[in-house]
Amino acid sequence: MRRKCVSWSARSRGAQSARRARVSRAIAATASSTLRAPSLVLCGEHDKITPPKRHTFMAELIPYAELAIIDDAGHLPTLETPEKTNMALEAWLDLPMTLR
């Protein structure tokens with residue numbers, strides 16, 4: 001009977017990757033909070049890769065950002081429901097521009 005062995009280097013690569021992801025998210029959160037440009041955070045309602053909950057959090061970090069969640073779309077709303085995506089973009093572009 002053979003024992004399956006996971007090498008230490010594979011484990012450490014996984015830990016390093018997780019650590020880099022945490023640092024990257026922290027940097028993105030800091031950068032987002034200093035953004036002073038009109039911003040639209042857009043996602044699909046059924047996005048499993050980056051769920052709407054995460055987009056909501058991102059929109060809350062960006063001052064004066066608008067959030068648009070596209071019905072009947074997953075991770076690629078621009079390809080899955082282009083008409084609804086265009087409607088969301090047009091609605092956002094029609095808003096008065098606010099720079100603060």
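**Exercise 1. Determine whether Lys 48 is buried or exposed, and where Lys 48 lies.**

Solution. Lys 48 is exposed, with a relative accessible area of 74%. The classes are set as follows: buried means under 20% relative accessible area, exposed over 50%, and partly exposed in between (1.4 Å probe, protein chains only). As to position, Lys 48 belongs to the loop between S1 and H2. Helices (H or I, at least four residues) and strands (E, at least two) are DSSP runs, numbered from the N terminus. Lys 48 and Gly 74 are 26 residues apart in sequence, and their C-alpha atoms are 7.0 Å apart in space.

The model is predicted: local features need pLDDT of at least 70 and side-chain atom pairs count only at pLDDT 80 or more, while totals for chains, interfaces and linings use all residues. Residues are numbered from 1 along each chain as its sequence is written, and side-chain values use heavy atoms, with hydrogens and water left out.

**Exercise 2. State how many helices and strands the protein chain has, and in which order the elements run.**

Solution. The chain has four helices and two strands. Starting at the N terminus, the order is α-β-α-β-α-α. Of the 100 residues in the chain, 20% are buried.

**Exercise 3. Describe how S1 and S2 are joined, and find the handedness of the crossover between them.**

Solution. First, the pairing: S1 and S2 run parallel and are joined by five bridges; two strands pair if DSSP finds at least two bridges between them. The term applies if, with the strands pointing away from the viewer, the path from the first strand over the helix to the second runs clockwise.

**Exercise 4. Identify which residues of H2 are buried, and explain why they line one face of the helix.**

Solution. Within helix H2 (residues 52–61), Pro 52, His 55 and Ala 59 are buried. Seen down the axis of H2, the buried residues fall within an arc of 55 degrees, so they line one face of the helix. The arc is that of the directions from the helix axis to the C-beta atoms. Lys 53 and Glu 60, on the other side of H2, are exposed. The cover over the buried residues of H2 includes strand S1 (40–44) and strand S2 (66–70).

**Exercise 5. Locate Thr 85 and list its contacts beyond four places in sequence.**

Solution. Thr 85 sits in helix H4 (residues 82–94). Its relative accessible area is 2%, so Thr 85 is buried. Leaving aside neighbours within four places in sequence, Thr 85 is in contact (heavy atoms within 4.5 Å) with Leu 42, Ile 70, Pro 77 and Thr 78.

**Exercise 6. Give the phi values of Tyr 64 and Asp 72, and place each residue in its loop.**

Solution. Tyr 64 is not a glycine, although its phi is positive, at about 65 degrees. Tyr 64 lies in the loop between H2 and S2 and is partly exposed, with a relative accessible area of 48%. Asp 72, also a residue other than glycine, has a positive phi near 60 degrees. The loop between S2 and helix H3 (77–80) holds Asp 72, which counts as exposed at 53% relative accessibility.
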